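I am opening my notebook to write down, entry by entry, what I looked up in this structure.

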Amino acid sequence: MKVLTAYIWMNTKTERAYINITPKVEELVRKSGVKEGFCLVNPMHITASVFINDNESGLHADFDKWLEKLAPHLPISQYNHNRTGEDNADAHLKRTLMGREVTVAITKGELDFGPWEQIFYGEFDGRRRKRVLVKRIGE
Amino acid sequence: MKVLTAYIWMNTKTERAYINITPKVEELVRKSGVKEGFCLVNPMHITASVFINDNESGLHADFDKWLEKLAPHLPISQYNHNRTGEDNADAHLKRTLMGREVTVAITKGELDFGPWEQIFYGEFDGRRRKRVLVKRIGE
Amino acid sequence: MKVLTAYIWMNTKTERAYINITPKVEELVRKSGVKEGFCLVNPMHITASVFINDNESGLHADFDKWLEKLAPHLPISQYNHNRTGEDNADAHLKRTLMGREVTVAITKGELDFGPWEQIFYGEFDGRRRKRVLVKRIGE
C-alpha cells in the first residue's frame with residue numbers, strides 16, 4: 001500500500017481565478033507509482049475550491065458571473081462575517097457552491113477521467129499564497 | 001488490499017433525469033469482496049452528477065424546478081459557453097449545484113448508509129450514452 | 001492496512017444548527033493509529049451536511065440567511081415533497097448546497113488541514129437523533 005502527500009502552491013494575480021491544475025496532478029499521480037487507487041485534491045483554504053469541469057474559458061466566465069449573482073460581493077455590509085474586519089464573506093459562499101474537494105479514481109496509473117473532465121483550482125479571495133493538497137492512496 | 005473498477009452506462013430518454021443507481025452500486029460492492037473500505041461513484045461527464053438523497057419523486061421534481069430557477073436554461077444567449085455552439089451551459093451549473101461525486105463507506109461488505117440514503121445519477125444534458133465510474137478500495 | 005468505523009450521535013436543540021465536530025474527528029483519527037490515509041466524514045441523513053469552513057459565528061449566520069434565501073422554508077406548499085406530509089423539502093435543498101460529505105487527508109497521524117479549516121455538522125431539520133459516520137483508511 002502506498003500513501004503519498006504533495007502540496008501545490010498557488011498565487012493568483014486576480015481576486016477570482018479559475019486555473020487548470022490537471023497537468024500538475026497527473027504528474028504527481030505518475031510520480032507516485034500508484035497504479036490503482038484514489039487521488040484526493042483539495043485547497044487548504046476556505047475561500048478556494050477544487051472542482052472538475054470543462055476547460056473552456058467562456059464557461060469559466062459564466063461560473064464567475066453566476067457565483068456573483070448567487071453570492072454577491074457587494075454590499076460588504078450585508079454579511080455578518082465582514083464585521084470581523086474581513087471583506088471576503090462572499091468568497092466563503094462561492095467556494096461552498098463550487099465545492100471544496102474532488103476524489104478521483106486512479107486506474108492503470110492514470111487519472112480515470114471521461115473525455116472532458118479537468119481539475120480546476122477556483123480562487124475567490126486571491127492575490128496571496130495558498131496551498132492545494134494532493135494525496136494519493138493505493139497500490 | 002483490493003482496488004476494483006467498474007463502469008455503469010447511462011442513456012436517459014429525457015434531457016434531465018434523476019435515476020436511482022443504488023441497486024447497481026450495491027451489487028458491485030458485493031461482487032468486489034471488499035468488506036471494509038470506500039466506494040467512489042462519479043459520472044465521467046461534466047453535465048451530470050452523482051448525489052445522495054431521498055428516493056421520493058416529489059423531491060426530485062422539486063430539485064428539477066429549483067435547479068432551473070437557480071441556473072435557467074433559457075435564454076441560451078445569456079451564457080458565454082453557448083457561443084461555442086453548445087446550448088448546455090446551464091447543465092454545467094446544475095451539475096455543480098448537485099455535486100460531482102460521492103464517496104461512501106463500505107462496512108461489513110455493504111454500503112454503510114442511514115435509513116433514507118440512496119445514490120442517484122442526475123442527468124442535465126441527456127439523450128446520449130454516458131458512463132458512471134464505481135471504484136472500490138479496501139480489504 | 002487499517003480501516004476503522006465510528007459513529008458520532010448528534011441531537012440539535014434547534015431546527016438548524018452549525019456545530020464544530022473537528023475535536024471529535026481529530027480524536028477518532030488519533031485513536032485509529034492511521035498515520036497516512038483518508039478520513040471520510042458524512043451525515044447518515046439526507047437533511048444534514050458535513051462541510052469544511054471557518055469557525056466564525058458571523059459566517060455561520062451568513063450561511064443560514066443565504067441558505068434560506070436560495071432555498072426558503074416557506075411557503076411549505078411550494079414543494080412537491082411536502083405533499084407526503086413532510087415540511088422539510090427545503091432542508092434537502094439546503095443540505096445539497098452545503099454538500100454531503102468531506103474526505104480529509106491524514107498525514108503524520110493528524111488531519112492535514114490548512115490554518116482555518118474546521119469540520120462542521122450542518123443540521124437543517126433538527127431536534128432529533130442523527131448519526132455522523134467517520135471512516136478512516138490507511139496505514
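Predicted model: local features only at pLDDT ≥ 70, side-chain atom pairs only at ≥ 80, totals over all residues.

**Entry 1: how the copies are related**

The superposition was done by least squares on the C-alpha atoms of residues with pLDDT of at least 70 in both copies. As a reminder to myself, two copies of a chain are related by a rotation about an axis and a shift along it. I then laid chain A on chain B, and this also took a turn of 120° and a shift of 0.0 Å along the axis, with an RMSD of 0.0 Å.

Residues are numbered from 1 along each chain as its sequence is written, chains are lettered from A and ligands numbered from 1 in the order in which they are written, and side-chain values use heavy atoms, with hydrogens and water left out.

**Entry 2: chain A as a whole**

I looked up the secondary structure of chain A, which comes to three helices and eight strands (DSSP runs numbered from the N terminus, with H or I over at least four residues for helices and E over at least two for strands). From the N terminus on, the elements of chain A run β-β-α-β-β-α-α-β-β-β-β. The C-alpha trace of chain A spans about 50 × 30 × 20 Å along its principal axes. Of the 139 residues in chain A, 63% are buried (under 20% relative accessible area, with exposed meaning over 50% and partly exposed in between, for a 1.4 Å probe and protein chains only). Among contacts in chain A between residues at least 6 apart in sequence, 81% join residues at least 24 apart, where contact means heavy atoms within 4.5 Å.

How many of the residues of helix 3 of chain A are buried? I counted 10 of the 10, so this helix is largely enclosed by the rest of the structure. Helix 3 of chain A is followed by A:Gly99, whose phi is positive, near 95°.

Leaving out residues up to four places away in sequence, A:Trp66 touches B:Leu70, B:Ala71, B:Leu93, B:Thr96 and B:Leu97.

**Entry 3: the cavity**

The structure holds one cavity of 30 Å³ or more (a set of points on a 1 Å grid over the protein atoms alone where a 1.4 Å probe fits but cannot get out, with lining residues having an atom within 4 Å of a point). The volume of the largest cavity is about 650 Å³, taken as the space filled by probe spheres set on the points, which are joined across faces, edges and corners. It is lined by 36 residues, and among those nearest its centre are A:Gly99, B:Gly99 and C:Gly99. Strand 4 (48-53) and helix 3 of chains A, B and C are the elements that give two or more residues to this lining.

**Entry 4: backbone details**

A cis peptide bond, with omega about -5°, joins A:Leu74 and A:Pro75, and A:Pro75 is found in the loop between helix 2 and helix 3 of chain A. B:Arg127 is not a glycine, yet has a positive phi of about 70°. This residue lies in the loop between strand 7 (118-123) and strand 8 (130-138) of chain B, and at 56% relative accessibility B:Arg127 counts as exposed.

Methods. 1 Å grid on protein atoms, 1.4 Å probe; cavity = no way out; pocket = protein on both sides within 12 Å on 5 of 7 lines; lining within 4 Å.
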